[in-house]
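Let's take a walk through a protein model together. Have a look at the sequence and the 3D view before reading on.

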Amino acid sequence: SDGDRNGCDNHEDTPVPVEVWPELERAECLARGAALKWASGVFCRPEHLERLGQYRKRESQRTASIHSRLKSVVQSYLEGVDWGLGQLREAREELSEASHDLHKAKLESRKNSEEVTVLETLQEMSISHRQLLAAVSNLPRLYKVQSMVLETERLVESRRLLEAHARLMELERWQDEVLLQLQGPRETFGTGLTSEDKELVRNYFSGVGRMVDALAKELWAVVGSGLSLSRQNPTPFVSAVRIVEREEVLDEFFLEERRSASGNSRPMPPGRPRCWRERFFKVLEEAASARFRSISYLHTRGPGLASHLSALQHGIMGDLTTVRHLLEQCVPPHYRLTRAYLRSCHQFLQAHLGLVSGWELESGEIFAVLNWVLHIYTSSEMMGDPDLVPELDIKDLGPLISQEGLEQLQNKYVQKVRKSVSEWMHKALEVELTDWQRDQEPDIDHEGCFHTSFPTIITQMLEENARVAVMISEALRNQTIQMGLYEMDNLLSRFRDAIIEFGKEHHKDPTTNSNKFYLHYLLACISNCIILKTSTESLQQQLCSFPSNRMSRIPPGPLAGLDRAVRKACRLVMDHLLSELQPHLQGLLSRAWLDQDDATREMCGVLENHCELYNRVHQPCRQRLKEECQWLTVVEYIRALMQKRLVCRSDDERSQLAQRLAQDAQQLREHFQTTEIDGTTGEVTTTALILALADLLNVKDPGMLTLEISGLVTKYPDISEEHVSVLLDIRGDVSKDVRVSVLHFLEQSAPPLPSGYRPIFTEILVPSSKTQFCLPTAKCT
C-alpha cells in the first residue's frame, strides 16, 4: 500500500539498527579465515593464478547450489507452519462448540436437582411405610417368639431333636422374613437397614442363635456316642442324621440363590452355611480317636505295649462291625460311613504310632510295633478283611509309619538287640572260662567229641534273633544277621585272647591239678570253633540268598576270627605235645639209644595218647591235628639228629646207626597208620625222610654221596649246605675233597621249591660249628 511505501521511504532516510548475533560474526570470521588459508595454499606461486577463473566459477556454482537448497528447505518449513495454523483454527472452533454444549447441560442439571430431592423424600417415606407394614403384619409372630424359644429349649433338653429342629426352622424363617421385609426386596442385605435396626432385630431373635448352639451341642453328643447308642436305641442317631441332611438342603438352597445373583434373591441368613454334614464326619472322627485313646492307654509303655496294640485291634474291628451292620443302615448310602470310619481310624493310628515310635522302646516293644504295623494291620484280621477291601484301599491312605520312620525303628531294634547280644556273649565267654577250670573232662556230644555249652549258646542266640527278625521283614533279618556276625567277630577276638591267656597260665605251672584237663579243653575249644563256623556259614548263606539284600558287604570277620582261634589252639596243642615229647627226645641219637629203643617206644606211647584225644575233635581239625603231630615228631627227630650227639667212628657204627634210624622210621609209620593218618603232606612222606637219611648214612662208598645227596635234594629241595655238612660230620668218614665236591654240587643245583611243598628243613636250625684254633696257646715272644 501507499502508506507502507511511505513508511518504507521514511525508514530509508533514518538508519535502523540491525542486531548482529555473536555467533554469526564468529562464523563469518572462521569462514574468512578458512578461505584465506585455502587460498594461500592453492595460490602459493604466481603461475597458479592462471587457474583463478576456474576456481571462481566452481565456487560460484557451489554457492548457487547451497542457496537453492536453503530456499527449498525454508519453503517446505513455511508450508508446514501454514498447515499447522489451519489445524489450530479448526480445533478452536470445535472447542467453542463443546463449551457451548457443556454450558447448556449445566443449566439443565440445575433444573433436575430440585426434582431429585423430591424423589428421595418419597423413597424414604416408601421405605418407612414398608417397614411399618412388615412390623404390623408380623406382630402375631413376634409375640410368639419367646414362647417358641422356650418350647424349643424344652424339646432340646428332652432330646426330641426332630421336633426341636422343626421349631427352630420356623423361628429362623420368621427372622429371615422380618429382615427381608424390613430392608426391601431390591436391596442387598443390610443396605436398607440401619445398624440400630439390625441390632434391634438381632436382640429380639437372640434366643434363636442360642437354640441353634444348644441343638448343635446335643446333636454332636448323639453323633459322638453313636457307636454305643446304635447297639441299644439307634433312633436318636437317625434323628441327628435327618437334621444334618435338612441343614445341608437349606445350605445348598441359600448358596444356590446367592450364586444366581438375582436382584430379588434372598440374602444369606446369619450363620449360614453351617456345613453340618462336614461337622458330622469330624465329630465321628473325634469320637473314634477318643475311644481308641481310652483303650489301655495308661499301660501303653513298657510290657503293656503289645497288649495295648492287641486291644486297639479288637476295639477297631469291633467298632467297624458296629458301623457296617448298624450305623450304615442309619445314614444315606452316599455317606459311605464305613470308609469314613476307616479313614478316621487310619489317621488316628498314624498320629498315635508316630508318638509311640518316638519313645525309648526296648527291642521287644519295637518288634511288637513293627509286627503290628507291617503284618497284623494289613492282614485279613484287620484292614485286609475281604469285606473291608471294597470300601477303601488302605494303600490310598499311605503307610501308618513312613519308610524313614520304619528304617529308624529297625535301626533302633538292631541296636537294642546288639546290646543284648553283646551282653549275652560276654556272659557266655565268662561261663566258658569258668568251665576251663573244672576238674573234669568237657562234655561229649553224640559224635564222641569234646565240647562245651559256649557254641550252643552263641548259635541259638543268633539263630533265634534271625528267626524273630524275619517275622518282620527279610531286610531286618539281614541287618540282624550282619550285626550278629560283627558281634561274633568281636567275641572271637576276646576268645582267642582267652585261649592265649589259658596257655600262659598252664605253662607257668603245668603240674597243678587245675590244669589236669588242659589239653582236653583246648580240644573242646577247637570243636567249639568248628561248630561256630558251621553256624556262621549258615548265617552268611542266608544273608546272601536273597536278591533283595542291599547290604554293602558280608562281614568276613567271623570266619577269619574262627580260623585264627583254631590255629592258636592247635599251636598250643602242639606246644603241649612238644613239652611231653621233650624228655624222650633228649635220649634219642645217643650211644645208649643205639643199644635199646626205650626212648622211641616211650615217645610212641605219648603220641598214641595224644592221637586218641585228637579223635575227640570234629573233622577237619581232627585230621589236621594228627598231621601236625606227625610233622612235629619228624621235625623234632631230625632236629635231634642235627645236634650231632652221635658221630660214627667206624663202618659198623654207621651201619648200626642207619639200621636204627630205619627201625624208628618204621615204628613211627606203623604208629601213624594205626591212628588213621595217611602219613603224607602234599606228595612227600614225612617219615620217609628218616629212611632217606638212614640210606645216606649207610652209603659204603663216600664217592657215591654226591649221587645220594642229589636224590635227597630232589625230594627235599629246602635242605641247605649246613644240614648236609652236619650229616657228613655224623658219618665221620668224608674226606675234604668229597665234602668240597658235595657242597659245590649243592651250591650249583639249588632247585626252587615246588608248588604245594611244605618246607621241613627250614624249621630245623643247625647248631653253629665250633672252629678249632690251629695255633698253639703258648705266649708270643
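This is a predicted model: local features need pLDDT of at least 70, side-chain atom pairs count only at pLDDT 80 or more; totals for chains, interfaces and linings use all residues.

Residues are numbered from 1 along each chain as its sequence is written, and side-chain values use heavy atoms, with hydrogens and water left out.

The protein chain holds 26 helices and four strands; these are DSSP runs, numbered from the N terminus, with helices (H or I) having at least four residues and strands (E) at least two. Of its 781 residues, 39% are buried, meaning under 20% relative accessible area with a 1.4 Å probe, protein chains only. Now think of contacts, that is, heavy atoms within 4.5 Å. Among those between residues at least 6 apart in sequence, 77% join residues at least 24 apart.

Next comes the core. A nonpolar core is a set of buried Ala, Val, Leu, Ile, Met, Phe, Trp, Tyr and Cys residues joined through side-chain atoms within 4.5 Å. The largest one has 180 residues, and those with the most contacts inside it include Phe280, Trp372 and Leu523. Helix H17 (residues 518–544) gives the most to this core, with 13 residues. Leaving aside neighbours within four places in sequence, Leu523 touches Phe450, Val573, Leu613, Tyr614, Val617 and Leu625.

The axes of H24 (residues 705–715) and H26 (residues 736–748) come within 10 Å and cross at roughly 30°. So H24 is roughly parallel to H26. Axes here are lines fitted to C-alpha atoms, for helices over the stretch in contact, and angles run from 0 to 180 degrees between N-to-C directions. Angles under 35 degrees count as roughly parallel, over 145 as roughly antiparallel, 65 to 115 as roughly perpendicular, and the rest as oblique. Where do the two helices meet? Leu705, Thr706, Ile709, Ser710 and Val713 in H24 meet Val738, Ser741, Val742, Phe745 and Leu746 in H26.

The second pair is H23 (residues 687–697) and H25 (residues 721–731), whose axes come within 10 Å and cross at roughly 50°. That angle makes H23 oblique to H25. Leu693, Leu696 and Leu697 of H23 make the contact with Leu727, Ile730 and Arg731 of H25.

How values were computed:
Buried means under 20% relative accessible area, exposed over 50%, partly exposed in between (1.4 Å probe, protein chains only).
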